[in-house]
Amino acid sequence: MLRRFNPNRHGHLMITTALLSSSEPHDTLVLKLIGMLVLVNVTLCCPLNCHCHNKTGVVQCQVLSSQQEFPEDVPHWVLNLSISGSNISVLQGSYFRKDGIQLSNLTILLLINNNIQAIESKAFYDLPNLTNLDLSNNPLEYLSNETFLGLSQLVTLKLNGALREQLFNSHWTDGLANLRNLELTSNDLQTFPKNILDLRSLQTINLRNNSIKMIDKDTILLLKEMKARVFLSPNPIICDCKTIDMILWLKNTSQTSEDQNLKCSAPPTQNGTLVLRMKTDNLKCISEELETASYVFFGIVLALIGVIFLMVLYLNRRGIKRWLNNFREACRDQMEGYHYRYEQDSDPRRSNASTGI
């Protein structure tokens, strides 16, 4: 006799099975019932608006309502979990251990476009085997210094279109010592985010589609030590004398070899020029160190001239004093002569005598 078994936990599940007649062996009936119950149990563990693939360990959830938060009843066997379209807002660690179920086997977690604005301390602490985490397209405004604490196995972190300006130089990188791949594309970064330079295990840094204009010399030195591959195209690179160190690094390093189309945006004479084809000789730059050395040398020369002049004056002080006395006496005799002639010309009697009156 056929019977329809309709558990319908979420109002959308319908399973049809055939119960064998009582004439069949009891053991065969029990085995088939157990198999049916296992199938029903696996199916029932799949949350609403999610697709579960038990064999591959994949659970994909596309939330249809913006009011819904983290899906409930995520199966414990999940290895790859993808959630998008929800309204999580604040991501708490409790999301990954609801109802006593821990997702300790989870290796890949994709939380793209879920309106996550803040992630609390140790939010992923219960996911010790997580290797890939994608938080792209979330308006993140707050990340705790201990947000990623416990993710010792994390290899890839994606924060594309997610970081806000206040997070560019914060210490959210703590706990990511073994991170190898970091993506920070489309975040309107104005400068190279120096806080990621503490991640010494990084092998790739993706900074495409930002607003980075220059990379300072100290940052370049650290990148050379890390030997990480850096992706910068497209970014509005400035190609002038102030960025000559960066230009030379981009032209000569293999760390950015895949950025063949990286172009200069300024000055106007270099706008649109491929960085790899740019001729630095045309800039006619004098390095700051050389310019500073020139000023120092010029100051030393002036000081030596002053010292020599003072020494000449000191060694000839007697002659100079004698010359000054002679000069003063000559001036005095000259002034007395003028004074005598003035007195002669001012006496009227002498004037009359000279005219013969």
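Is Asn 49 buried, partly exposed or exposed? Keep that in mind; the tour comes to it after a look at the whole chain. The model is predicted.

**Whole chain**

Show the cartoon first. The chain has 6 helices and 16 strands. Of its 357 residues, 32% count as buried.

**Stop 1: Asn 49**

Select Asn 49. It lies in the loop between α1 (26–44) and β3 (50–53). Asn 49 counts as partly exposed because its relative accessibility is 26%. Check the backbone too. Phi of Asn 49 is near 65 degrees, a positive value in a residue other than glycine. Most residues other than glycine have a negative phi.

**Stop 2**

Jump to the loop between β12 (181–183) and β13, where Asp 188 has its place. Here is another positive phi in a residue other than glycine: Asp 188 has a value near 55 degrees. With a relative accessible area of 46%, Asp 188 is partly exposed.

Next, pick Phe 192, which also lies in the loop between β12 and β13. Is this side chain's residue, Phe 192, buried or exposed? Phe 192 counts as buried, at 4% relative accessibility. Display its surroundings. Beyond its neighbours within four places in sequence, Phe 192 is in contact with Leu 197, Ile 205, Leu 207, Ile 212, Ile 215, Thr 219 and Leu 223. Draw a distance from Phe 192 to Leu 207. They are 15 residues apart along the chain, and their C-alpha atoms are separated by 8.5 Å.

**Stop 3: Asn 206**

Move to strand β13 and select Asn 206. Asn 206 is buried, with a relative accessible area of 14%; the cut-off for buried is under 20%. What does the side chain of Asn 206 reach? It reaches the backbone nitrogen of Arg 208, at 3.2 Å. Leaving aside neighbours within four places in sequence, Asn 206 is in contact with Leu 182, Glu 183, Leu 184, Thr 185 and Phe 231.

**Stop 4: helix α2**

Select residues 217–226, helix α2, and colour Thr 219, Ile 220, Leu 223 and Met 226, its buried residues. Why do they sit on the same side of α2? They cover an arc of only 120 degrees around the axis, which puts them there. An α-helix has 3.6 residues a turn, so residues three or four places apart point the same way.

Then ask what the buried residues of α2 pack against. Their partners are β13 (204–206), β14 (229–231) and α3 (244–252).

Look at both ends. At the N-terminal end, Asp 216 caps α2: a side-chain oxygen lies 3.2 Å from the backbone nitrogen of Asp 218. Just after α2, Lys 227 takes a positive phi of about 60 degrees.

**Stop 5: helix α3**

Step across to α3. Its buried residues are Ile 244, Met 246, Ile 247, Trp 249 and Leu 250. These residues pack against α2, β14 and β15 (237–238).

**Stop 6: two cis peptide bonds**

Zoom in on Ser 233 and Pro 234. A cis peptide bond joins them, with omega about -5 degrees. Pro 234 lies in the loop between β14 and β15. Now go to Ala 266 and Pro 267. The peptide bond from Ala 266 to Pro 267 is cis, with omega near -5 degrees. Pro 267 is found in the loop between β16 (264–266) and α4. Most peptide bonds are trans.

**Stop 7: the nonpolar patch**

Finish on the surface. Select Phe 309, Leu 310, Leu 313, Ile 320, Trp 323, Leu 324 and Phe 327. Together they form a nonpolar patch with about 720 Å² of accessible area. The elements that give two or more residues to it are α4 (288–315) and α5 (317–346). Which element gives the largest share of the patch? That is α5, with 4 residues.

Phe 309 counts as exposed because its relative accessibility is 52%, and the cut-off for exposed is over 50%.

Definitions and conventions
Residues numbered from 1 in each chain as written. Predicted model: local features only at pLDDT ≥ 70, side-chain atom pairs only at ≥ 80, totals over all residues. Heavy atoms only, no water. Buried < 20%, exposed > 50% of the residue type's maximum accessible area, 1.4 Å probe, protein only. Arc of directions from axis to C-beta. Contact = heavy atoms within 4.5 Å. Polar contact = N/O pair within 3.5 Å; in protein donor to acceptor, adjacent residues only side chain to side chain. Patch = residues over 30% accessible without salt bridge, like charges linked within 9 Å, V, L, I, M, F, W, Y side chains within 5 Å. Areas by Shrake-Rupley, 256 points an atom, 1.4 Å probe, with all protein chains shown as cover. Salt bridge = Lys/Arg side-chain N within 4 Å of Asp/Glu carboxyl O.
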